[in-house]
Amino acid sequence: QVQLVESGGGLVQAGGSLRLSCAASGRTFSISRMGWFRQAPGKEREFVAQITWRDGSTFYADSVKGRFTISRDNAKNTLYLQMDTLKPEDTAIYHCAAAASMLRPYDYWGQGLQVTVSS
């Protein structure tokens, strides 16, 4: 099992920045990739970004490309999401997730944290 704990959410004005963190514990050696997802009120959960744990390859949703940066610190087993130029439409609950396989769905999820961007 892998446990994920997010931190760093909060309230920010449009145009501002926030950095989310996700600390992984447990069987972290089994992680092949990690990602961030978000769910806005009344909407389905959507993919934000992912990173391959071993080589750091990244992939982003078009809606955040150029504004968000995903990164990881393997020594600390921690995932980050740097969010810049935030927009009100970025308001959502953000979850980090971890997968043991590059091909199968994500196996583990954090509890989520609120990010609110005011206009």
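How exposed is lysine 65? Lysine 65 is partly exposed, at 48% relative accessibility. The cut-offs behind that word are under 20% relative accessible area for buried, over 50% for exposed, and partly exposed in between (1.4 Å probe, protein chains only).

1. Basis of the note. This is a predicted model, in which local features need pLDDT of at least 70 and side-chain atom pairs count only at pLDDT 80 or more, while totals for chains, interfaces and linings use all residues. Residues are numbered from 1 along each chain as its sequence is written, and side-chain values use heavy atoms, with hydrogens and water left out.

2. The disulfide. A search of the whole structure turns up one disulfide. The term stands for a pair of cysteine sulfur atoms within 2.5 Å. Here cysteine 22 is joined to cysteine 96, with an S to S distance of 2.0 Å. The link is right-handed, with 50° about the S-S bond. Cysteine 22 sits in strand 3 (residues 18-26) and cysteine 96 in strand 9 (residues 92-99), so the bond ties together parts that are 74 residues apart in sequence. Strands (E, at least two residues) are DSSP runs, numbered from the N terminus. Cysteine 22 is buried, at 0% relative accessibility. Cysteine 96 is also buried, at 0%.

3. The core. A nonpolar core is a set of buried Ala, Val, Leu, Ile, Met, Phe, Trp, Tyr and Cys residues joined through side-chain atoms within 4.5 Å. The largest one holds 32 residues. Leu4, Trp36, Leu79, Leu81, Met83 and Tyr94 touch the most other members. Among the elements that give two or more residues to this core are strand 1 (2-7), strand 3, strand 7 (68-73), strand 8 (78-83) and strand 11 (113-118).

4. Arginine 38 and its partners. The structure has four salt bridges. Each is a side-chain nitrogen of Lys or Arg within 4 Å of a carboxyl oxygen of Asp or Glu. One of them pairs arginine 38 with glutamate 46 at 2.5 Å, N to O. Glutamate 46 is partly exposed, at 33%, whereas arginine 38 is buried, at 5%. Arginine 38 also meets aspartate 90, at 2.9 Å, N to O. That pair links distant parts of the chain: arginine 38 is in strand 4, aspartate 90 is in the loop between strand 8 and strand 9, and 52 residues separate them. Aspartate 90 is buried, at 0% relative accessible area.

5. Lysine 65 again. Lysine 65 forms a salt bridge with aspartate 62, their closest N and O atoms being 3.1 Å apart. Aspartate 62 is exposed, at 66%. As for networks, salt bridges that share partners join Arg38, Glu46, Arg67 and Asp90 into one.

6. Strand 5 and its neighbours. Five of the seven residues in strand 5 are buried. Strands count as paired if DSSP finds at least two bridges between them. Strand 4 and strand 5 run antiparallel, joined by six bridges. Glycine 35 stands opposite glutamine 50 in strand 5. These two strands form a hairpin with six residues between them, and glycine 42 in the turn has a positive phi of about 80°. Strand 5 also pairs with strand 6 (residues 58-60), antiparallel, over three bridges. Alanine 49 has tyrosine 60 in strand 6 as its bridge partner. This hairpin has five residues between its strands, and glycine 56 in the turn has a positive phi of about 80°.

Note on methods
Helix = DSSP H or I, 4+ residues; strand = E, 2+ residues; numbered from the N terminus.
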